[in-house]
Amino acid sequence: MSTAGLLAGARRAVSESVSGLPREFWWLWTSTLVNRLGGFVATFLVLYLTSDRGHSAAYAGLVVSLYGLGGVVASLAGGVMADRLGRRPTLLISQVATALSVAALGFVHHPVAIAAVACLVGAASNASRPAVQAMMADIVPPKDRVRAFSLNYWAINLGFAISAVAAGFIAEYSYLAGFLGEAAMTLACAILIFVKLPESRPERPAAGGAAEPAVGLMTVVRDGRFMGVVGLSFLIALIFMQGHIGVPLAMGQDGLSASDYGTVMALNGVLIVALQIPVTRFIEHRDPRRLLILSSVLAGYGFGLTAFAGSIGLYALTVVVWTLAEIVNAPTQTGLVVRLSPVHGRGRYQGMYTMTWSVAMLVAPLVAGVVIDRFGADWLWGMCAVLGSVAGLGYWALMRNLPQDVVEEPVVAEKPVEPVELVEPVEPALVTEAARKV
């Protein structure tokens, strides 16, 4: 095929990947990208506390744990706010609170004050996630949701990759500049949401209609199938967290440097940016059950292969395997959460799902440290393989009787998205399923 033909095919593929999505989705996508471009605290918090402020590694670990604890609480609170107050108010409150708390973190010096503000930053920055995912489900038709979640995940990784490089140079000049820069970018994100994004929370049917039952947090907890998905998601999160915890420890034991680790992990971001869109084109209309089983096994054994790694090349090979799992799992899992959520409980359901990653952020360092210290790194990688296998079997057992109308979600004929108000009709299949669960 000629070069012109290849270029034409690439342009057509890109056009098909991004076409047909509502304008409001792209404003939400842009806000995600802007927010991630300003990322600084999550990446450089440990270095800031140890290198710049001179605190111990133990204190830095405590602060990072408090940052994660704030995220655990905020995931649930943000989901409730998204359902009660609306998606847009929740996003605005979260973004403004994040901007203020991040800026404050750059000025406080007392250890207790730093720990308290870091917890606030973790809470504020994580409160927006359920609202973003719920709003995306509100404004994107069912047939396009996996593609939309994939594009959003792509924006997250692209923004993180760019911000990590830029923040590294900023940190060499001034950590305070980094904090203020993130605060400014987050505030810009809030302004973008205020100006361009209308509220998208679906309106409840008028009294006397086929109303959906009220949804509270206990409704989510009593939803056995969904909580099973949450538990399996937690296992997957524990596995993926080892890329930031177990892998650098193992590479250090093998005599490899921090720059070697940075080079290997950069491959993860490069692969996601390069492959997320084409892989999503391949998987978006396939059975989510098979995709989740496949991605679970790939993740577990991708990290399991790390037991045989000893050079940069072999570590890079393991990263390729589990990154493919990540590319498949992220949009599929989020799409499944939407499909299992009643329309007017999307915020709470997304909050419960998001919380699994925050909890994994707290648990994974403890597990990795204990296992490596007592038994060695090979045991950690063996555990990852076991967890991936258990998760795959769990998805098979949990969803083998999943109703076909949930697996292949019907396309609901929706009115075109209006620029002022977004209203999504109640999907009968979801209402029936929600009523049965409650």
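User: Which helices do the buried residues of α17 pack against?
Analyst: In this predicted model, they pack against α11, α12 (246-253), α14 (288-304), α15 (312-339) and α16 (346-374).

User: And which residues of α17 are buried?
Analyst: Ala377, Leu380, Trp381, Cys384, Ala385, Gly388, Ala391, Gly392, Gly394, Tyr395 and Met399.

User: How many residues does α17 have, and what is its reach?
Analyst: α17 has 23 residues. From first C-alpha to last, the reach is 33 Å, close to the 33 Å expected at 1.5 Å a residue.

User: Take α11 against α17. What angle, and how far apart are the axes?
Analyst: About 160 degrees, with the axes 9 Å apart. α11 covers residues 224-241 and α17 covers 377-399. The angle makes α11 roughly antiparallel to α17, because anything over 145 degrees counts that way.

User: Left-handed or right-handed crossing?
Analyst: The crossing of α11 and α17 is left-handed.

User: Which residues make the contact?
Analyst: From α11, Arg225, Gly228, Val229, Leu232, Ser233, Leu235, Ile236 and Ile239. From α17, Cys384, Leu387, Gly388, Val390, Ala391, Gly394, Tyr395 and Leu398.

User: How does that contact split by class?
Analyst: Between α11 and α17 there are eleven nonpolar, four polar and one charged residues.

User: Staying on α11, where does Leu238 sit, and is Leu238 buried or exposed?
Analyst: Leu238 is in helix α11. Leu238 is buried, with a relative accessible area of 13%. The cut-off for buried is under 20%.

User: What does Leu238 touch?
Analyst: Ala360, Val363 and Ala364, leaving aside neighbours within four places in sequence. Leu238 and Ala360 are 122 residues apart in sequence, yet 5.4 Å apart in space, C-alpha to C-alpha.

User: Switching to α15. What about Leu336?
Analyst: Leu336 is found in helix α15. Leu336 counts as buried, at 1% relative accessibility.

User: How far is Leu336 from Pro288?
Analyst: C-alpha to C-alpha, 7.3 Å in space. In sequence, Leu336 and Pro288 are 48 residues apart.

User: Zoom out. How many helices and strands?
Analyst: The protein has 19 helices and zero strands.

User: How much of the protein is buried?
Analyst: 51% of the 438 residues count as buried.

User: And what share of contacts comes from residues 24 or more positions apart?
Analyst: 85%, taken over contacts in the protein with a separation of 6 or more.

User: OK, α7 with α16. What are the numbers?
Analyst: The axes come within 8 Å and cross at roughly 130 degrees. That makes α7 oblique to α16. The crossing is right-handed.

User: Which residues are involved there?
Analyst: α7 gives Arg129, Pro130, Gln133, Ala134, Ala137 and Asp138. α16 gives Arg346, Gly347, Gln350, Gly351, Tyr353 and Thr354.

User: Now α2. Which residues are buried there?
Analyst: Glu24, Phe25, Leu28, Trp29, Ser31, Thr32, Leu33 and Val34.

User: What covers the buried residues of α2?
Analyst: The cover includes α5 (87-105), α7 (128-139), α8 (145-173) and α9 (175-196).

User: What about the span of α2?
Analyst: α2 runs over residues 23-37, which is 15 residues. The reach is 21 Å from first C-alpha to last, close to the 21 Å expected.

User: And α9? Which residues are buried, and what covers them?
Analyst: The buried residues of α9 are Tyr175, Gly178, Phe179, Glu182, Ala183, Thr186, Cys189, Ala190, Leu192 and Ile193. Their cover includes α2, α3 (41-52), α5 and α8.

User: How long is α9?
Analyst: α9 has 22 residues and reaches 32 Å, close to the 32 Å expected at 1.5 Å a residue.

User: Last one, Leu158. Where is Leu158, and what does Leu158 touch?
Analyst: Leu158 is in helix α8. Leu158 touches Leu33 and Val273, not counting residues up to four places away in sequence. Leu158 and Val273 are 115 residues apart in sequence and 6.2 Å apart in space, C-alpha to C-alpha.

User: Why does Leu158 count as partly exposed?
Analyst: Because Leu158 has 21% relative accessibility, and buried means under 20%.

Key
Residues numbered from 1 in each chain as written. Predicted model: local features only at pLDDT ≥ 70, side-chain atom pairs only at ≥ 80, totals over all residues. Heavy atoms only, no water. Axes fitted to C-alpha atoms, helices over the stretch in contact; angles between N-to-C directions. Helix = DSSP H or I, 4+ residues; strand = E, 2+ residues; numbered from the N terminus. Parallel < 35°, antiparallel > 145°, perpendicular 65-115°, else oblique. Left-handed = near helix turned anticlockwise from the far one by under 90°. Contact = heavy atoms within 4.5 Å. Nonpolar A, V, L, I, M, F, W, Y, C, P; charged D, E, K, R; others polar. Expected span 1.5 Å × (residues − 1). Buried < 20%, exposed > 50% of the residue type's maximum accessible area, 1.4 Å probe, protein only.
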